[in-house]
Amino acid sequence: MDDNIFIIQHPLLTHKISLLRDKETPTAEFRHIVKEIAILEGYEALRDVETKMVEIETPIEKTVQPMVRSSKLCFVPILRAGMGMVDGFAELVPNAIVGHIGLYRDEVTHEPHPYYCKLPQNLSEKEVFLLDPMLATGGSAIDAVKTLRKHGAKKIRFVCIIAAPEGVKAFHAANPDIPLYIGALDRELNDAAYICPGLGDAGDRIFGTTVR
Ligand code: PRP
Ligand code: URA
């Protein structure tokens, strides 16, 4: 694997991803686990964010200590399913800015279709964390990165929960400079471009829109 591709290894993470895969896991629990996974992955993905030295006073004395520059961080979920990961990232850095990119994948062509974009004006000054649980063909994430770059983003990382080898290859070929954090690398895509074994449609499972 390339230097910029990080498959996060931790039994707790794998355990929680297995719970997501289970088709019997109900919506509320699914959403909660996505948040927990985002916290675990966020801990890794945020490992080398910028800090600044701040003067504080302990009960003993004055001291200068490092603190995360929260206002320099921007979390950008790809709607809908990426929304499920924002709460976990915001739990780690509550004062980070949140932008939104709305894309849906055409069921037949699997091409991404943009429908919404709201990003901070000074994106070039931010460290951007693009969030989406699923990296399948890679089309959505590649399109979202184009939008981020068009809005001036220079420092971008992409965090997903499950990836297909096809999506990793396509994303990395298009964006070799962007670190890619993955919770689990699955076997392949099926004919409908769903990840196998995967977890099904992430957006439907997070928001309960699955047809029952
Ligand atoms: C899912 C997922 C990704 C995309 C991945 O979203 O959340 O955004 O598919 O597939 P790709 O790598 O082949 O582009 P979807 O388009 O189903 O929209 P939704 O989140 O609104 O359900
Ligand atoms: N989008 C999903 O939600 N799941 C997949 O398996 C592929 C794309």
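A polar contact here is a pair of N or O atoms within 3.5 Å; within protein, one atom must be able to donate a hydrogen and the other to accept it, and residues adjacent in sequence count only if both atoms are side-chain atoms. The model is a predicted one, in which local features need pLDDT of at least 70, side-chain atom pairs count only at pLDDT 80 or more, and totals for chains, interfaces and linings use all residues. Residues are numbered from 1 along each chain as its sequence is written, chains are lettered from A and ligands numbered from 1 in the order in which they are written, and side-chain values use heavy atoms, with hydrogens and water left out.

Ligand 1 comes first. A polar side-chain atom of Asp132 is 2.5 Å from an oxygen atom of this ligand, and an N or O atom in the side chain of Ser140 is 2.5 Å from an oxygen atom of ligand 1. Ala136 takes part through its backbone, with an N or O atom 2.9 Å from a ligand oxygen. Taken alone, ligand 1 exposes 500 Å², of which the protein buries 91%; accessible areas come from the Shrake-Rupley method with a 1.4 Å probe, and for residues only the protein chains shown count as cover.

The shell around ligand 1 has 14 residues, the closest being Arg105, Asp132, Thr137, Gly138 and Ser140; a residue is near a molecule or strand if one of its heavy atoms lies within 4 Å of it. Strand 6 (100–105), strand 9 (134–135) and helix 4 (139–150) each contribute at least two residues to this shell. Helices (H or I, at least four residues) and strands (E, at least two) are DSSP runs, numbered from the N terminus. By class, the shell comprises five nonpolar, five polar and four charged residues. In this scheme Ala, Val, Leu, Ile, Met, Phe, Trp, Tyr, Cys and Pro count as nonpolar, Asp, Glu, Lys and Arg as charged, and the others, Gly among them, as polar.

Ligand 2 is surrounded by Arg105, Met134, Ala136, Ala193, Tyr194, Ile195, Gly200, Asp201 and Ala202. Six of these shell residues are nonpolar, one is polar and two are charged. Polar backbone atoms of Ile195 and of Ala202 each lie 2.8 Å from an oxygen atom of ligand 2, while a backbone N or O atom of Gly200 is 2.8 Å from a nitrogen atom of the ligand. Ligand 2 exposes 240 Å² when taken alone, and the protein buries 88% of that.

Ligand 1 sits in the largest pocket, and ligand 2 is likewise placed in the largest pocket.

Elsewhere, the model has 13 salt bridges, each a side-chain nitrogen of Lys or Arg within 4 Å of a carboxyl oxygen of Asp or Glu. One of them joins the side chains of Arg157 and Asp48 at 2.7 Å, N to O. Arg157 lies in strand 10 (residues 155–163) and Asp48 in the loop between helix 2 (27–45) and strand 2 (51–57), so the pair ties together parts that are 109 residues apart in sequence.

Most residues other than glycine have a negative phi, and most peptide bonds are trans. The bond from Leu79 to Arg80 is cis, with omega near -5°; Arg80 is in the loop between strand 4 (73–79) and helix 3 (83–92). The bond from Cys196 to Pro197 is also cis, with omega near 0°, and Pro197 belongs to the loop between strand 13 (195–196) and helix 6 (202–207). His110, not a glycine, has a positive phi of about 70° and is found in the loop between strand 6 and strand 7 (112–118).

Terms used: On a 1 Å grid over the protein atoms alone, a cavity is a set of points where a 1.4 Å probe fits but cannot get out, and a pocket is an open set with protein on both sides within 12 Å along at least five of seven lines; lining residues have an atom within 4 Å of a point. A molecule sits in a cavity or pocket if more than half of its atoms lie within 2 Å of its grid points.
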